[in-house]
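This report goes through the two chains, the contact between them, and a few local features. Please look over the sequence and the structure first.

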Amino acid sequence: MPRKSHLQTTINGQPVEFLCENRQSLLEVLRDELRLTGTKEGCNNGNCGACTVLMNGVPVNSCLVLGVEAEGAEITTIEGIADEAHLHPIQQCFLEDAALQCGICTPGFIVTAKALLDRNPSPTEQQIRFELANNLCRCTGYDKIVRAVQHAAERLQEAAN
Amino acid sequence: MAERFKVIGTRPVRHDGADKVTGRAIYGGDLQLAGMVHGKIVRSPHAHARIKRIDISAAEKLSGVLAVVTAADLPDLRDKVADLGEGSVNLAHLGANVLAHQKVLYKGHAVAAVAAVNSHVAEEAAKLIRVEYEPLPAVTWVLDAMKPDAPLLHDDVYTEDMAGGRAGEGTSNVSKYLLFEEGDIEKAFASADVVVEREFKTASVHQGYIEPHVSTALWNHDGHLTIWTATQGAFTARQQTAELLQIPVSQVTVVPCEIGGGFGGKIPVYLEPVAALLSRKCRRPVKMVMTRAEVFEGTGPTPGSFVRVRLGAKKDGRMVAGQAWLAYDAGAYPGGMIGPGCMCVFSCYDLPNYKVEGYDVVLNKPKTAAYRAPGATQAAFAAEQVVDELAERLGIDPIDLRLKNAAREGTKRVGWPAYPKIGLIETLEAAQRHPHYRAPIAGPNRGRGVATGFWFNIGLKSSASASVNPDGTVTLIEGSTDIGGTRTSVAMQLAETLGIAAEDVRPQVGDTDSVGYTDVTGGSRVTFATGLAAYQVGLDIRRQMAERAATLWDCKADEVTFDGGTFRRNGESIGFKQLAAKANELGGPVVGRASVDPAGPTNGFGLSIADVEVDPDTGKTTILRYTVFQDAGKAIHPSYVEGQMQGGTVQGIGWALNEEYFYDGEGRMRNASYLDYRMPTALDLPMIDTVIIEVPNPAHPFGVRGVGETPIVAPPAAVANAIYHATGVRMCELPMSPPKVWAALSKTQR
């Protein structure tokens, strides 16, 4: 068995330590070692975005990041998007707008949308579509996902004003 | 009438929603069991080869390896046929697809499997399994596979005719010949003023669900096999697995996990029996997850096809005759989608004379699986373009031409008795008066296309049960795996029946030990048939609750009436919730149950209007505007009906413009990744506008028609018609990818 490295990170605001082999991806560490299975595997080669997490605020395909690269990083997964009391407005709008069908791509879309709205609170439809092109959905045709992100942006803006 | 329903037609948040937006929902891949180990499949690098020898010794010796299996571990399935609820299946073929014996028939065909302590060790061990092959010539295009000198795939496949007899001498790659005839087409074509005939080709495409196939099996020491899997039908997965392993179904429990898309592709078993064999050897739970390349290369795409369509009409637009010749590939084993292809090619039209011939052809591609309205899209791509051309030649508006010839109640469809009440005409009329159809389309290289689409609604069997809780809520257990929100559309029908809120029903999908037999989630059937079961569960609960009320009021149960959630008798009344709180004292807990097998399946019709712009320099087609119309009978949850329409349409647009299995000269797929296969992204599309038409289905208490599949059928033809009207070039081959469109444009400009 290959030797494991000891890593220290912050995941969803909590300090987390883990052991991993050099060949393990961050996705594998999150899902199999830390049991944060909300981050999904769709292709394992960076094409589908189902495994999107925020690493130091930037969306990354966690299947393309090695676990050992996460030393000192601040990571946000789908499990860290809602707070104790409420779903995040993006999550709430996904539900109200029926922006998911099978739901396997949903965590990745929500994390990507969070990164977008953190950076650009009032994106155009084109900017939303450009950003969401990181993620594949096969069920919805994207219409309701784009609308959910638009509505979430409005709701976040209203809350801020 | 508008207030007839309290729950149906509203848009509640789905019951499993919070789990799915927070990452808590447990999909097949998320399962973790004590002692779980990981399996990996060894797959053929050749499109066609004889297996000479498999040496597993090096893999078995690797530290961390717990079990290795090959086809030798499967029972001998020769001459065994199983009825799997959707017609009989040749078990030897199903078994050989799961683990090849003697021959591999496509690149990616499973040959052996290994279980090890983790997926990395399993992968290393898989590489140590030595398979010696004798490569054979391969064939991947349907017309090539039909040639007399084509490489033969099987020594037990003969051409069967409609009656099950042999239509040809000797073994063949053509496994089935279908013929449907009505009237006298030659006489009718001779009487036509305009006849249009064209040939069309389509490439194989994949269902493309984002969740790869995944299964975990535990063959326990008591002999009981439990399988947690991503399947469209727990019961069919149970039966296929039991038949392949030759064990009784009672020895197998299938637990359907949340499923990350299926579209027809998660009906056949692939991993389930293999994980079971590995677990039987090592007595540990064995989890197997496919890579994306394995999904493309080893699981069902839709058939590649060749279709010739000929239509004749009088000057006034009345169609007099239709002829179609369809050859669909079935992939490596017989039994593709040719039957529905033949039955759908003219399904939107009332044709007095027709002849439809179909061929089911095996070749060196993965065994095809159903993909949303399987077989209909290829047929519509052909027929709907010929209809468009006919309209142009006759100088008639394409929707007018369709209206003039539209199938209606009483029309006899190919291979089927007369239609019951259907909503095609209403759908056409809704499209014709829609602002999109009337809006001008200006600018060079821009055009508009329309096309209609059709798919059956099958009925099949569904079971459900529900218990009434003391707080007046109801727990519903149903057998249909929920791929797109059907828990909610089924629960809403129970809520409507009981006069309670959608949120007061808690729906769950049961495993094969906790709910009655239920057929697959497919055939646009769940909201229709499982919804019907939920309605009948509601009636059963109402009957039992009326008995409780009768006890309360000391009267006979048939004196108690029910309306809008309230039980009444002689001026006395009690709400559902209040009565539920007392039910236990008034005669015991209330548990409703139902199983249905509805006869008289109905039909779904839809229409697409597509506006496109074609870039003459690159051949790239951009969708400018898209509106999709569909008769839903009655939309239970309109948001999820729209979602089916939008999602199916975008799959159809992907099929139209980009997606294909790209084969090299050796019969190997060369684009088995999402990057190279290139499904549509959010950036490729505009909003997809939807118009729901509601012509109630008389065979359902709420008028429901299935909506899942029809939306994929029209888009490739609608986009092709739009490209024609934009450029003057008729694209007869899918996909209409930039290089193909550019080449076609260049040809006309020379």
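The sections below cover conventions, each chain, the interface, the core, the strands and some backbone details.

## Model and numbering

This is a predicted model, in which local features need pLDDT of at least 70, side-chain atom pairs count only at pLDDT 80 or more, and totals for chains, interfaces and linings use all residues. Residues are numbered from 1 along each chain as its sequence is written, while chains are lettered from A and ligands numbered from 1 in the order in which they are written.

## Chain A

Chain A has five helices and five strands. Helices (H or I, at least four residues) and strands (E, at least two) are DSSP runs, numbered from the N terminus. In sequence order the elements of chain A read β-β-α-β-β-β-α-α-α-α.

The C-alpha trace of chain A spans about 50 × 35 × 25 Å along its principal axes.

In chain A, 58% of the 161 residues are buried. A residue is buried if 20 or more other C-beta atoms lie within 10 Å of its own, exposed if 12 or fewer, and partly exposed in between, with C-beta atoms placed from the backbone. Of the contacts in chain A with a separation of 6 or more, 59% are between residues 24 or more positions apart. Two residues are in contact if their C-beta atoms, placed from the backbone, lie within 7 Å.

## Chain B

Chain B contains 21 helices and 31 strands. Its radius of gyration is 27 Å, close to the 27 Å from the globule rule for 750 residues, so chain B is as compact as a globular protein of that length. Its C-alpha atoms fill a box of roughly 90 × 75 × 50 Å along the principal axes.

Buried residues come to 61% of the 750 in chain B. Among contacts in chain B between residues at least 6 apart in sequence, 79% link residues at least 24 apart.

## Interface

At the interface, 45 residues of chain A are in contact with 43 residues of chain B. On the chain A side, the elements that give two or more residues are α2 (89-96), α3 (106-119), α4 (125-132) and α5 (143-160) of chain A. The residues on this side of chain A are 23 nonpolar, 13 polar and nine charged. Here Ala, Val, Leu, Ile, Met, Phe, Trp, Tyr, Cys and Pro count as nonpolar, Asp, Glu, Lys and Arg as charged, and the others, Gly among them, as polar.

## Nonpolar core

The largest nonpolar core has 297 residues, of which B:Val114, B:Val274, B:Val345, B:Val719 and B:Ile723 touch the most other members. Helix α16 (residues 526-553) of chain B gives the most to this core, 13 residues. Such a core is a set of buried Ala, Val, Leu, Ile, Met, Phe, Trp, Tyr and Cys residues joined through C-beta atoms within 7 Å.

Apart from its neighbours within four places in sequence, B:Val114 is in contact with residues including B:Gly39, B:Lys40, B:Ala59 and B:Ile129.

## Strands of chain B

Strands β24-β25-β26 of chain B form, in that order, an open sheet of three strands with antiparallel pairing. β24 (561-563) and β26 (572-575) of chain B are at the edges with a single partner strand each, so one side of each is left without a neighbour in the sheet. Two strands pair if DSSP finds at least two bridges between them. Strand β25 (residues 566-569) of chain B pairs with β26(B) in the antiparallel sense over four bridges, and B:Arg569 stands opposite B:Glu572 in β26(B).

Elsewhere, strand β22 (residues 474-478) of chain B runs parallel to β23(B), joined by five bridges. B:Val474 has B:Val505 in β23(B) as its bridge partner. Strand β23 (residues 505-509) of chain B has B:Val505, B:Pro507 and B:Val509 on a covered face, and B:Arg506 and B:Gln508 on an uncovered one.

## Backbone details

B:Leu734 and B:Pro735 are joined by a cis peptide bond, with omega about 0°. B:Pro735 is in the loop between β31 (733-734) and α21 (738-749) of chain B.

B:Asn570, which is not a glycine, has a positive phi of about 50° and lies in the loop between β25 and β26 of chain B. B:Asn570 counts as exposed, with 10 C-beta neighbours inside 10 Å. B:Gln102 also has a positive phi, near 70°, and lies in the loop between α3 (91-98) and β6 (103-104) of chain B.

Conventions:
The radius of gyration is taken over C-alpha atoms; the globule rule is 2.2 Å times the number of residues to the power 0.38.
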